[in-house]
Amino acid sequence: MTDLFIKVRTHQEQQLPFVLYAKPNSDKMIGLFQKNDHLYFLEDFAMKGFVFAPFDGDLMPYIPQKQSDVYVETIVETDYFIAKEVLPEIDETAKIIFENLVKRGVEAINKGTFKKVVLSRKEEVLLRQFDIETVFKKLISFYPTAFKYCFFHPKIGMWMGATPEQFLKINQRALQTVALAGTQIATTAENVSWSEKEIEEQRLVTEFITTGLQSKVSEMTVSSPYSIKAGNLWHIKTDITAIVKSKKAKGEIIKTLHPTSAVCGLPKESAKAFILKNENYDREYYSGFLGELNIDFATFRTEQTDLFVNLRCMKIVGDMAQLFIGCGITKDSVPADEFTETGNKSITMKKVL
Ligand SMILES: C=C(O[C@H]1C=CC=C(C(=O)O)[C@@H]1O)C(=O)O
């Protein structure tokens with residue numbers, strides 16, 4: 001066992017906060033180990049550390065740089081893992097509940113309450129055994145292009161995930177983000193074609209982000225939408241770059257964009273109100289955002305922010321893993337298909353358990 005995982009084990013035994021993560025396509029694993037068990041919240045967006053923000057609410061926990069030890073290790077592929085074959089299992093009660101939720105979402109769209117809403121559910125998986133090191137190494141091995149993480153705080157719990165979605169990357173004043181939406185299960189075919197429903201669903205995310213950024217940036221560029229593979233799924237993605245007008249605008253940009261219409265809806269406020277009223281469970285940190293704020297912990301360069309949307313994630317509670325899965329609903333959504341899509345998304349985490 002390397003120093004990094006020894007530190008993870010001792011921190012977990014001592015119930016001290018830590019985060020372990022590996023960025024997309026990087027050969028580095030980074031661990032941030034808080035020296036006390038205090039729950040720190042961001043007071044402003046100039047603070048340096050690893051932020052773990054929820055879907056809803058202004059309280060954003062973070063692990064401050066000043067209170068932590070940092071470990072960086074190169075990923076050495078010594079362990080060979082075989083991806084677990086995950087067979088679809090349908091929970092009929094969960095299916096009925098989710099399909100009814102989707103129906104209500106489509107009705108609200110038809111009434112004109114919003115154009116799009118992202119609805120989600122939670123699924124529990126019994127863990128026969130659970131070892132952070134093994135699960136984290138599987139995430140690294142199976143999802144090289146994702147942001148992989150394990151976050152632990154005694155007052156929050158343990159969360160793990162492999163998200164394909166960048167929320168915001170800001171290097172000095174250069175900003176990058178993406179509009180990601182539309183899902184299809186990846187079969188062997190490398191050419192994927194998209195329906196009008198999925199194209200519209202993703203276009204609304206691009207519209208939301210570009211409109212939100214408009215007054216705060218200059219030199220915005222927006223790529224054509226293209227298909228991208230994330231684990232067992234295909235998505236549609238648009239790359240967006242811009243120059244932030246002032247360094248102080250970062251907080252405003254984060255507040256404007258979060259939660260994006262890839263996880264909430266359009267318009268944001270009415271979609272969010274519908275989610276909070278109708279989903280009937282607490283999303284907690286699922287569809288929040290997480291990552292480095294104002295510092296790159298591999299190089300210690302400041303003025304670098306690298307945040308991701310907390311998707312394809314799970315919370316470990318006792319001998320259960322709670323998987324969080326959602327999908328974008330538009331006027332053309334078919335409830336049964338949307339339920340199937342959440343099942344397909346659950347495979348990302350099920351494969352590593
Ligand atoms: C809300 C999720 O995915 C989002 C990101 C990509 C594609 C999505 C979709 O096709 O619905 C979602 O907008 C999730 O994974 O729980």
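The ligand is surrounded by 17 residues, of which the closest are Thr-183, Ala-262, Gly-326, Cys-327 and Gly-328, a residue being counted when its C-beta atom, placed from the backbone, lies within 6 Å of the molecule. The elements that give two or more residues to this shell are strands S7, S11 and S21, strands being DSSP runs of E with at least two residues and helices runs of H or I with at least four, numbered from the N terminus. The model is a predicted one, in which local features need pLDDT of at least 70 and side-chain atom pairs count only at pLDDT 80 or more, while totals for chains, interfaces and linings use all residues. Residues are numbered from 1 along each chain as its sequence is written.

The shell around the ligand divides by residue class as follows.

| Class | Residues in the shell |
|---|---|
| Nonpolar (Ala, Val, Leu, Ile, Met, Phe, Trp, Tyr, Cys, Pro) | eight residues |
| Polar (the others, Gly among them) | six residues |
| Charged (Asp, Glu, Lys, Arg) | three residues |

The protein chain has seven helices and 21 strands. Its radius of gyration, taken over C-alpha atoms, is 19 Å, close to the 20 Å that the globule rule (2.2 Å times the number of residues to the power 0.38) gives for 353 residues, so the chain is as compact as a globular protein of that length.

Leaving aside neighbours within four places in sequence, Tyr-149 is in contact (C-beta atoms, placed from the backbone, within 7 Å) with Val-19, Leu-20, Tyr-21, Met-160, Gly-161 and Leu-290.

How values were computed
Two residues are in contact if their C-beta atoms, placed from the backbone, lie within 7 Å.
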